[in-house]
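Welcome! Have a look at the model first, then follow along.

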Amino acid sequence: MTARELDAAGIAEPALRAAYTRCRLLNARHGKTYFLATRLLPVERRPAVHALYGFARWADDIVDSLETDVPPHRRASALATLQEGLERGLRGGGSGDPVVLALADTARRYGIPHGHFRDFMAAMRSDLSVTDYATYDELRAYMHGSAAVIGLQMLPVLGTLVPREEAAPHAAALGVAFQLTNFLRDVGEDLDRGRVYLPADLLGSHGVDRDLLQWSRRTGRRDPRITEALRAFEDLTRGVYREAAPGLAMLDPVARPCIRTAFVLYGGILDSVADDGYAVVHRRAVVPRRRRAAVALDGLVRVAAARAAARRKAPPGPPRPPAGLPGTHGTPHAPEREHEEVA
């Protein structure tokens, strides 16, 4: 199935195919929720998404490894090496790192602004020294690089029905909403890394601070003040989902089911956190498999409907060249497949 994706995307060079395959494996292993949604994309667009998320995971793993024997200066050195390789790759100089090779190829194919990747790397570097945020405004500034730019990177791959700049704020908000969801789900694991992403002013308004969170994590005991703070953070996160929601209708209809599925599945994580009594200091909330399957099935139905509508609207004659390349903001287009499978 990987070969089918690569063939459909026109990726033929062996080293490049291996690089994209590596990114796909990273996405499958680390991002199960989004990987499931990605399989609803048109087959020729999936490698680009795997490259974008594979690179993000690769950098994040350097920063967030729980291995205590990796000192901060070695992590900083690894990030610097990755940054140097990224710059060479974006300049067209190639790369010995397969993840960077695939990312640079995707950036070239879809005309993704290089500044998005530099902003992301700046956020990753800040994670080496910044362990908490005093206010939500400070956290939101960090998330521009760590999350919002991921949504912006995706837009050229997904394609839009409107000018890209009109959809961009909603795409950025969706990236932020997904990361806020992860912050809530991973409160306990982040404490183990010495980090608290929930803003101190929000926690403090409920009588919570880092010491109380660490006490709860260490002892396994609950505190109603923590529960109320987590509930407030959930409410804040749902507000960002509302910011993002209008952007779904702006996407290319054949790509929309993928993002809608991710939207629903990530929102389901918030539901699971609440259903579990906001116990995320002690354990990670998980969306039940039956719920994930039901959402995926709904996505498949929407994919079939969108592709049928696209076939009805397609003009006769030879296929158009793909959009989403440098200098364009249109919808990527692929040769039609009468019986294309989704998986």
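**Exercise 1.** Find which residues line the largest cavity, and sort them by class.

*Solution.* Start with the lining: Phe183, Val187, Asp190, Leu191, Arg195, Val196, Tyr197, Leu198 and Leu213 surround the largest cavity. Here a cavity is a set of points on a 1 Å grid over the protein atoms alone where a 1.4 Å probe fits but cannot get out, and lining residues have an atom within 4 Å of a point. Next, sort them: seven are nonpolar, none polar and two charged. Then look for the main contributor, which is helix 10 (residues 187-192), with three residues. Finally, the space inside comes to about 60 Å³.

A note on the model: it is predicted, so local features need pLDDT of at least 70 and side-chain atom pairs pLDDT 80 or more, while totals for chains, interfaces and linings use all residues. Residues are numbered from 1 along each chain as its sequence is written, and side-chain values use heavy atoms, without hydrogens and water.

**Exercise 2.** Work out what lines the second largest cavity, and how many of its residues are nonpolar, polar and charged.

*Solution.* First, list the lining: Ser216, Arg222, Asp223, Ile226, Thr227, Tyr278, Ala279, Val281 and His282. Second, count by class: four nonpolar, three polar and two charged residues.

Notes:
On a 1 Å grid over the protein atoms alone, a cavity is a set of points where a 1.4 Å probe fits but cannot get out, and a pocket is an open set with protein on both sides within 12 Å along at least five of seven lines; lining residues have an atom within 4 Å of a point. Grid points are joined across faces, edges and corners, and a volume is the space filled by probe spheres set on the points. Helices (H or I, at least four residues) and strands (E, at least two) are DSSP runs, numbered from the N terminus. Ala, Val, Leu, Ile, Met, Phe, Trp, Tyr, Cys and Pro count as nonpolar, Asp, Glu, Lys and Arg as charged, and the others, Gly among them, as polar.
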